[in-house]
Amino acid sequence: MTNRLYTSREIMVIDVLHPGKATVSKTEIRKKIAKMYKTTPDVIFVFGFRTHFGGIKTTGFDMICDSLDYANKNELKHRPARYVLYEKKKTSRKQRKECKDREKKVRGTAKANAGAGKN
């Protein structure tokens, strides 16, 4: 790929042909792409798959990062979290609501302090 949007990753559209099968799992697709591009499946992120009418063809997106460190540092956090490469912090619903209400009471840059609970 010579026209790379970013220097450390490749983004491409994938067409998967699967006659006789309803669909192909994302883990199978990741393994196949890893074999084609001589890399490991943990640096490959596949998403946005849509099966065409009739079920023979599926189209989606694929992103191959150069390293796992780059993926954890620069990618959107939900992509590595799907493949258990990034641990997402989970707060309780009540804490999120209280934080939101505190932020509503102040304006401007003070919202950052109010959201952290530093009134």
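Visitor: What makes two strands a pair in this predicted model?

Guide: Two strands pair if DSSP finds at least two bridges between them, the strands being DSSP runs of E with at least two residues, and helices runs of H or I with at least four, both numbered from the N terminus. β1 and β3 have nine bridges in the antiparallel sense, so they count as a pair under the requirement of at least two. Leu-17 stands opposite Lys-57 in β3.

Visitor: Why are β1 and β2 said to stand at the edges?

Guide: The open sheet of three strands has the order β1-β3-β2, with antiparallel pairing. β1 and β2 each have a single partner strand, so one side of each is left without a neighbour in the sheet.

Visitor: What makes a set of residues a nonpolar core?

Guide: The term requires buried Ala, Val, Leu, Ile, Met, Phe, Trp, Tyr and Cys residues joined through side-chain atoms within 4.5 Å, where buried means under 20% relative accessible area with a 1.4 Å probe, protein chains only. The largest such core has 19 residues, of which Ile-14, Ile-29, Ile-33, Ile-44 and Val-46 touch the most other members. The largest share, five residues, comes from β2.

Visitor: Which residues does Ile-29 touch?

Guide: With contact taken as heavy atoms within 4.5 Å, and residues up to four places away in sequence not counted, Ile-29 touches Ile-14, Val-16, Val-24, Val-46 and Phe-49.

Visitor: How are such values to be read?

Guide: In this predicted model, local features need pLDDT of at least 70 and side-chain atom pairs count only at pLDDT 80 or more, whereas totals for chains, interfaces and linings use all residues. Residues are numbered from 1 along each chain as its sequence is written, and side-chain values use heavy atoms, leaving out hydrogens and water.

Terms used
Buried means under 20% relative accessible area, exposed over 50%, partly exposed in between (1.4 Å probe, protein chains only).
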